[in-house]
Amino acid sequence: MSVYARLKALGIELPPIAIPAAAYVPFVRTGNLVFLSGHIAKRDGKPWVGQLGRDLPTATGKHAARAVAIDLLGTLHAAIGDLNKVERIVKVMSLVNSTPDFTEQHLVTNGCSDLLGEVFGDKGAHARSAFGVAQIPMGACVEIELIAQVS
């Protein structure tokens, strides 16, 4: 099954590439690697604001991370033209806006990792880091960046 058939089965429509909010580009390709800049969680087109452990429970953070994954896929599609060219999702790095005592960043980040697995199957299995941070631009609850190997 193609990546696009899987997306359709999941009811996911890829968004257009996001316009950077500062002095950076949304992606850089070098050789067969594509590095996607960090994408913040958005809800209804606006930053999904909040802090895990204070304003938001883990389950909501997981939904936000899934939303970020969809935006990342839109950018990756714009970068390479065809998501079926993805040979492997290499690495995901997740920043979770969280209180000092919140320790479920890894569970929040599963929202992104799980979707990548659903879309790419074994090619979606990746190395990963999940960090708790004091703040993310625009007060967003989650920011995620991604590295993909492509043909």
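How many helices and strands does the protein chain have? I counted 3 helices and 7 strands in the protein chain, taking helices (H or I, at least four residues) and strands (E, at least two) as DSSP runs, numbered from the N terminus.

**Conventions.** I worked on a predicted model, in which local features need pLDDT of at least 70, side-chain atom pairs count only at pLDDT 80 or more, and totals for chains, interfaces and linings use all residues. Residues are numbered from 1 along each chain as its sequence is written, and side-chain values use heavy atoms, without hydrogens and water.

**Overall form.** I read the order of elements from the N terminus as α-β-β-β-β-α-β-α-β-β. The radius of gyration (over C-alpha atoms) is 14 Å, close to the 15 Å from the globule rule (2.2 Å times the number of residues to the power 0.38) for 151 residues, so the protein chain is as compact as a globular protein of that length. The C-alpha trace spans about 40 × 30 × 30 Å along its principal axes. I noted that 43% of the 151 residues are buried (under 20% relative accessible area, with exposed over 50% and partly exposed in between; 1.4 Å probe, protein chains only).

Met 1 lies in the segment before α1 (3-9) and is exposed, at a relative accessible area of 72%.

I found β1 (residues 27-30) paired with β2 in the antiparallel sense over 4 bridges; pairing requires at least two bridges in DSSP. Val 28 stands opposite Phe 35 in β2. The hairpin has 2 residues between the strands, and Gly 31 takes a positive phi near 60°.

**Helix α2.** I checked the length of α2 (residues 58-80): its 23 residues should span 33 Å at 1.5 Å a residue, which agrees with end C-alpha atoms 33 Å apart. The expected span is 1.5 Å times one less than the number of residues. Gly 81 follows α2 with a positive phi near 85°.

**Largest pocket.** I looked up the largest pocket, which holds about 460 Å³ of space. A pocket is an open set of points on a 1 Å grid over the protein atoms alone, where a 1.4 Å probe fits, with protein on both sides within 12 Å along at least five of seven lines; lining residues have an atom within 4 Å of a point. Of its 22 lining residues, Tyr 24, Gly 38, His 39, Ile 40 and Lys 42 are the closest to its centre. Two or more lining residues come from each of β2 (33-40), β3 (42-43) and β7 (142-150), and β2 gives the largest share, 4 residues.

Conventions. Grid points are joined across faces, edges and corners, and a volume is the space filled by probe spheres set on the points.
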